Amino acid sequence: VDVEAEKREAAQAAVALVEDGMAVGLGTGSTVNLMLEALAARKLSIRCIATSVRTEVAARELGLPVEPFDDLDELDLVIDGADQIAADGWIVKGGGGAHTREKIAAAAADRLVIIASSDKLVERVQAPIPLELLRFGCASTLRRLAPVKLRDVAPSPDGNLIADYFGEVGDPRTLSARFDFEPGIVDHGIFPPEIVTDVFVGAKHMPGAPRRRPKH
Ligand code: A5P
């Protein structure tokens, strides 16, 4: 497989969904970087928010207007990459440690469009599952979550630690609920099928959940 070509095709297909006047959330990662080039080339009049400092810098360099995610309370579209795309529609993100901000952007969006190459397709969700952890009490959080490993990376832009869970996954909804309830976890990288409206693997479109109508 030509991974790079597939990423580009997916990026192009997602960018074709963007229209003048939209508020667009920009994800994080190498596929998103290709998407930024394609989006900038369209020279649309749009508002953008970025899910990471890396994306913000890259977008600005390409001339895309990026604003803080403070005033916008709804996004028309978020375009983002993924680390795992499972056959049952579950997705894992956070390979770049940006999943908390990515999940907030996704929750604000009418449409979450995932772009990836086919090497991200998996039968079912598996370890590692990225985690963002609060520093406070982190030794005890890590102990409860074991097997889990802190990543040797800079803290998140929100000052938190990035780790990966290497334990049994089983049913992603059950594990997701466990992580949601665990004090000390800011957020985890498991994204449920109901927030993913579209997946592009290369040029292949896999429609997912219905779009959420933004209320106006
Ligand atoms: C960032 O934290 C991740 O969620 C990325 O979206 C994911 O790692 C995909 O990255 P690539 O497009 O580089 O594979």
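A polar side-chain atom of Asp-80 lies 3.4 Å from an oxygen atom of the ligand in this predicted model. Asp-80 also forms a salt bridge with Lys-93, and both belong to a salt-bridge network that includes Glu-102. The ligand is surrounded by 16 residues, and the structure holds 12 salt bridges.

**Ligand site**

- The closest of the 16 residues around the ligand are Ser-30, Thr-31, Asp-83, Gly-94 and Lys-120.
- Ser-30 places a polar side-chain atom 2.5 Å from an oxygen atom of the ligand.
- For Asp-83, an N or O atom of the side chain is 2.5 Å from a ligand oxygen.
- On its own the ligand has 370 Å² of accessible area, and the protein covers 90% of this.
- Sorted by class, the shell around the ligand consists of nine polar, five charged and two nonpolar residues.

**Salt bridge Asp-80 to Lys-93**

- In the pair formed by Asp-80 and Lys-93, the closest N and O atoms are 3.1 Å apart.
- Asp-80 is buried, with a relative accessible area of 1%.
- Lys-93 is buried as well, at a relative accessible area of 3%.
- Salt bridges link Asp-80, Lys-93 and Glu-102 in a network.

**Salt bridge Glu-37 to Arg-8**

- Glu-37 and Arg-8 meet through their side chains in a salt bridge, with an N to O distance of 4.0 Å.
- Because Glu-37 is in helix α2 (residues 30-41) and Arg-8 in helix α1 (residues 3-15), the pair ties together parts that are 29 residues apart in sequence.
- Glu-37 is partly exposed, its relative accessible area being 42%.
- Arg-8 is partly exposed, its relative accessible area being 41%.

**Salt bridge Glu-194 to Arg-173**

- A salt bridge joins the side chains of Glu-194 and Arg-173, at 2.9 Å from N to O.
- Glu-194 sits in the loop between β12 (190-191) and β13 (198-201), and Arg-173 in helix α6 (residues 172-181), so this pair ties together parts that are 21 residues apart in sequence.
- The relative accessible area of Glu-194 is 40%, which makes this residue partly exposed.
- Arg-173 is partly exposed too, with a relative accessible area of 43%.

**Surroundings of Glu-6**

- Glu-6 lies in helix α1 and is buried, with a relative accessible area of 16%.
- Apart from neighbours within four places in sequence, Glu-6 is in contact with Val-1, Ala-116, Ser-117, Ser-118 and Gly-202.
- Between Glu-6 and Arg-135 there are 38 Å in space, C-alpha to C-alpha, and the two are 129 residues apart in sequence.

**Surroundings of Thr-55**

- Thr-55 is found in helix α3 (residues 53-61) and counts as buried, at 1% relative accessibility.
- A polar contact of 3.0 Å connects the side chains of Thr-55 and Ser-52.
- When residues up to four places away in sequence are not counted, Thr-55 touches Leu-26, Gly-27, Thr-28, Val-32, Leu-36 and Ala-50.

**Backbone features**

- The peptide bond that joins Ala-127 and Pro-128 is cis, with omega about 0°.
- Pro-128 is placed in the loop between β7 (121-122) and β8 (129-133).
- A cis peptide bond also runs from Ala-146 to Pro-147, where omega is near 0°.
- Pro-147 belongs to the loop between α5 (138-145) and β9 (148-150).
- Lys-43, a residue other than glycine, has a positive phi near 50°.
- The location of Lys-43 is the loop between α2 and β2 (47-50), and Lys-43 counts as exposed at 73% relative accessibility.

Key. Residues are numbered from 1 along each chain as its sequence is written. This is a predicted model: local features need pLDDT of at least 70, side-chain atom pairs count only at pLDDT 80 or more; totals for chains, interfaces and linings use all residues. Side-chain values use heavy atoms; hydrogens and water are left out. A residue is near a molecule or strand if one of its heavy atoms lies within 4 Å of it. A polar contact is a pair of N or O atoms within 3.5 Å; within protein, one must be able to donate a hydrogen and the other to accept it, and residues adjacent in sequence count only if both atoms are side-chain atoms. Accessible areas come from the Shrake-Rupley method with a 1.4 Å probe; for residues, only the protein chains shown count as cover. Ala, Val, Leu, Ile, Met, Phe, Trp, Tyr, Cys and Pro count as nonpolar, Asp, Glu, Lys and Arg as charged, and the others, Gly among them, as polar. Helices (H or I, at least four residues) and strands (E, at least two) are DSSP runs, numbered from the N terminus. Buried means under 20% relative accessible area, exposed over 50%, partly exposed in between (1.4 Å probe, protein chains only). Contact means heavy atoms within 4.5 Å.
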